[in-house]
Amino acid sequence: MQRLVGAERQTMTMVRHRLLVISDPHFYNPDYYRRVLQAVGKDPAPPGRLSTELALGDHRFNPFFALSQLVRSKKVSADSLVCCGDITTVADPTAMNLGWLQIHRLATELGVGHPIVAAGN
């Protein structure tokens with residue numbers, strides 16, 4: 001693509017860059033979540049599927065494990081990994097650490113270096 005700038009002509013090169021975008025995984029530790037919500041009088045029903053127990057237990061139910069399998073089988077590839085936020089629910093430190101580890105592990109498997117991450121919204 002070329003464009004005229006003043007009296008000079010510049011050539012722009014188009015570059016293809018593939019992003020793998022993950023949004024709102026909401027990891028949570030069931031015990032921490034239950035205590036926090038009961039303290040404020042709210043229903044402590046599980047907020048999602050990515051409990052720390054699940055993520056550390058049976059890999060068949062962990063979506064990050066499934067993504068890793070897709071990367072290893074070359075069905076998914078990317079040049080950068082982006083996580084748009086809400087790694088955890090109710091600022092749970094255990095779940096945050098686990099989510100951070102899962103995101104960085106996926107980035108390593110993709111071979112993209114450091115992921116681009118927003119911890120919350």
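How many bridges join β4 to β5? Two, and the strands run parallel. Quick housekeeping before I go on. This is a predicted model, where local features need pLDDT of at least 70 and side-chain atom pairs count only at pLDDT 80 or more, while totals for chains, interfaces and linings use all residues. Residues are numbered from 1 along each chain as its sequence is written, and side-chain values use heavy atoms, with hydrogens and water left out.

Okay, the sheet. It's open, with three strands in the order β3-β4-β5 and parallel pairing; strands pair if DSSP finds at least two bridges between them. β3 and β5 (116–117) are the edges, each pairing on one side only. Strands here are DSSP E runs of at least two residues, helices H or I runs of at least four, numbered from the N terminus. In β5, Val-117 sits opposite Cys-83.

Now the core. The largest nonpolar one has 18 residues, and Leu-20, Phe-27 and Leu-106 are among those with the most contacts inside it. By nonpolar core I mean buried Ala, Val, Leu, Ile, Met, Phe, Trp, Tyr and Cys residues joined through side-chain atoms within 4.5 Å; buried is under 20% relative accessible area, exposed over 50%, partly exposed in between, with a 1.4 Å probe and protein chains only. α4 gives the most, six residues.

Look at Leu-106: not counting residues up to four places away in sequence, Leu-106 touches Leu-20, Ile-22, Phe-64, Leu-67, Ser-68, Val-71 and Leu-81. Contact is heavy atoms within 4.5 Å.

Last one: Ser-51, in the loop between α1 (30–39) and α2 (52–56), is buried at 8% relative accessible area.
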